[in-house]
Amino acid sequence: MRRVLPFFKAAGLILFLIFVCLPLVQMTLISFVATLPRPDTTVGSLTFGNYANILSDPTLRSAFGNSIAYVLINICITVPVAIPAAYAFSRMSFLGDKHLFFAFIAFRITPPVVLTLPVFQLFSALGITNSVFGIALAHCLFNLPISIWILQGFISAIPKELDETAFLDGYSKPRFIWTFLLPQIAPGIAVTAFFCFMFSWVEVVFARILTTTNGKPISMAINALFGFQTDIGLVMAVTMASMIPGAILVFSMRHHLSRGFKVGRI
């Protein structure tokens with residue numbers, strides 16, 4: 001039985017990888033197939049035209065740019081705000097600190113659709129609906145609680161003696177955070193940025209409610225491709241192209257992400 005067990009483990013792993021990778025392989029193959037008749041191609045032939053259409057379509061180009069802007073604005077706002085907040089929850093004690101911390105988490109698990117009406121009314125009063133900044137700010141509302149929660153765990157894993165030693169050496173709190181704390185919690189920042197990217201890149205509720213003509217993300221652009229005659233090859237090409245920024249992010253931050261998820265698992 002002990003000799004057979006490794007075989008079953010390997011077979012199960014292979015079957016799982018096939019199950020996970022098969023849709024991706026099929027999507028990749030279809031993205032290079034012409035699924036609607038065009039003047040220069042026949043249906044079923046291999047072509048790069050689906051990817052060329054992404055570059056030639058201003059709506060798709062704008063959607064990609066909007067989604068990238070959402071992610072960048074989201075990370076640039078959420079992470080700098082979450083770091084001092086997480087430090088306060090980790091190192092300081094004040095009246096109602098634990099209740100406030102869990103209130104943030106409770107807010108994050110609230111379905112976004114529940115808050116669409118008050119967010120729309122507030123953003124309309126501020127004049128930031130139908131804009132890239134408005135959507136990114138709405139994403140920050142939901143990313144900030146989970147970012148504080150993640151970073152608070154990483155900061156709590158750092159001994160308090162590091163803070164005390166730095167303060168005795170004359171470091172102020174902002175200088176301590178910039179010089180000592182940020183390098184220590186770099187994996188946590190990478191994990192936080194990863195989750196901010198995931199939520200902003202695939203979120204569609206606020207994008208549908210808060211945009212009419214401008215600021216539509218790639219998720220809305222893909223949804224708009226479906227119609228009476230859907231070009232499945234183009235849909236698969238856009239979907240594959242939409243995965244590239246995420247792959248670049250994971251590859252560029254792979255070491256920090258690996259360390260960060262290990263710390264989170266401990």
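Reply: Helices here are DSSP runs (H or I, at least four residues), numbered from the N terminus. The model is predicted, so local features need pLDDT of at least 70 and side-chain atom pairs count only at pLDDT 80 or more, while totals for chains, interfaces and linings use all residues. Residues are numbered from 1 along each chain as its sequence is written, and side-chain values use heavy atoms, with hydrogens and water left out.

Now the pocket. A pocket is an open set of points on a 1 Å grid over the protein atoms alone, where a 1.4 Å probe fits, with protein on both sides within 12 Å along at least five of seven lines. The second largest pocket has a volume of about 160 Å³, taken as the space filled by probe spheres on the points, which are joined across faces, edges and corners.

Its lining residues (an atom within 4 Å of a point) are Phe89, Ser90, Arg91, Met92, Ser93, Asp97, Lys98, Phe101, Phe102 and Gln152. Two elements each give two or more of these: helix 3 (58-91) and helix 4 (97-108). Helix 4 supplies the largest share, four residues.

Four lining residues are nonpolar, three polar and three charged. Nonpolar covers Ala, Val, Leu, Ile, Met, Phe, Trp, Tyr, Cys and Pro; charged covers Asp, Glu, Lys and Arg; the others, Gly among them, are polar.

Asn130 sits in the loop between helix 5 (116-126) and helix 6 (132-156). The phi of Asn130 is near 60°, a positive value in a residue other than glycine. Most residues other than glycine have a negative phi.
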